[in-house]
Amino acid sequence: MEPGKPVREAHVEVLRGSGTRDGASRWVRPAQLPPAPAHFVGRADVREGIARALSGTVGGGVAVVSGTAGVGKSALALRVAHTLEERFSGGQLHLNLRATEPGSAPLTVEEALASLLRDLGVRSGDVPGHPDAASALLRSLLAPTRTLLVLDDAASAAQVRPLLPAGPGCGVVVTSRSPLTALDGAARFPLRPLSDEESAALLRAASGRDDITARHPLVALTGRLPLALRVVAARLAARRALTPDALATQLAAADSRLDLLDYDDLGVRRSLDAAFGALTASDRRTDQDAALVLRHIGALGLPFCDAPSLARLTGFDAARAEAALERLADVALLEETAYGRFEPYDLVRDYARERAAEPCGHSPAGCHFASA
């Protein structure tokens, strides 16, 4: 049974006073938000929608921001979170759940709960070992507060659900490649690439080149993805002699645009690698099928596909082909533009061609598919 309100409040007070020998409070008011993005354009309607969701009037105080790699999910979440600091007087918690972080496994529920509880002042030795108990303690600590949680790069609804507060004053922003439709009661905000005008505005702001218009080739060559636009802007800012026209020519002539859309710690390929790597490393047949389907799309240069045509090309039955396509859409490598019609994002098309050139792997099913 969930303890009543008096018991929860007493529990919180005990925890707040148990950290030092003289009984002084150990309650920590978190202020963990990373800096807001220096250059941000567009998304006004989405920002307003998230703010309404966090007020509790829609979405139960939980907003899920989803979309493909590099579309600007984390930047948007931070932008909104910083504008709402005064509303959430209890502070702001920020946790990277690492669903798509290269070279790192997603945080387990136990790891995520322990991290949040320690950030709220609970000593490591006082963190309950069972995730249900740890989740209950987190809810108890947050219930009397007005705290904002930003849960970045979530893998699934199951990873997020135990981390959600129950108090009416709290708000949660979750970013994920997936829309997390199994997370009940959340307001969802799927992001698409920027418009031509917004893309040009971001390029101008981040590069300092005032002569880039919405019709400039760089806008289309970056797929209008904020991450790719930031990489291009960083290259232009680093080399003042490099003109936007010259960089556009290099991108258009490259065997793969992804080679030039990598700079310092920013890289479109790296973001896509994480999603594709998770599929290939999975033991689930649908995930392995999805990775093979993406290779097939790259090998054939398909502008779009559907389950019946893919089944004819591969030898898969229609249900298996549809499941693979739906999985690719769930991890935002494809977009379902109409019922049953799936299209790769512009830069994902380049990435799929790269993966198609690789060996099909050791899976017998994979080799059968690649040769089908």
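This is a predicted model: local features need pLDDT of at least 70, side-chain atom pairs count only at pLDDT 80 or more; totals for chains, interfaces and linings use all residues.
The largest pocket holds about 1,200 Å³ of space. Its lining comprises 37 residues, of which S74, A75, L227, R230 and L266 lie closest to the centre. At least two lining residues are supplied by each of helix 3 (73–83), strand 3, strand 4 (171–176), helix 7 (196–207), helix 9, strand 7 (266–267) and helix 11 (268–281). Helix 9 gives the most, contributing five residues to the lining of the largest pocket. By class, this lining consists of 18 nonpolar, ten polar and nine charged residues.

The second largest pocket contains about 430 Å³ of space. It is lined by 25 residues, and those closest to its centre are A99, T100, A155, A278 and R327. Strand 3, helix 11 and helix 14 (318–330) are the elements that give two or more residues to this lining. The largest share, five residues, comes from helix 11. Twelve nonpolar, seven polar and six charged residues make up the lining of the second largest pocket.

Strand 3 (residues 147–154) also includes D153, a residue that is not a glycine and yet has a positive phi of about 60°. D153 counts as buried because its relative accessibility, 14%, falls under the 20% cut-off. A positive phi of about 60° is likewise found at R224, which is not a glycine. R224 is located in the loop between helix 8 (217–221) and helix 9 (226–238). With a relative accessible area of 28%, R224 is partly exposed.

Definitions and conventions: Residues are numbered from 1 along each chain as its sequence is written. Side-chain values use heavy atoms; hydrogens and water are left out. Helices (H or I, at least four residues) and strands (E, at least two) are DSSP runs, numbered from the N terminus. Buried means under 20% relative accessible area, exposed over 50%, partly exposed in between (1.4 Å probe, protein chains only). On a 1 Å grid over the protein atoms alone, a cavity is a set of points where a 1.4 Å probe fits but cannot get out, and a pocket is an open set with protein on both sides within 12 Å along at least five of seven lines; lining residues have an atom within 4 Å of a point. Grid points are joined across faces, edges and corners, and a volume is the space filled by probe spheres set on the points. Ala, Val, Leu, Ile, Met, Phe, Trp, Tyr, Cys and Pro count as nonpolar, Asp, Glu, Lys and Arg as charged, and the others, Gly among them, as polar.
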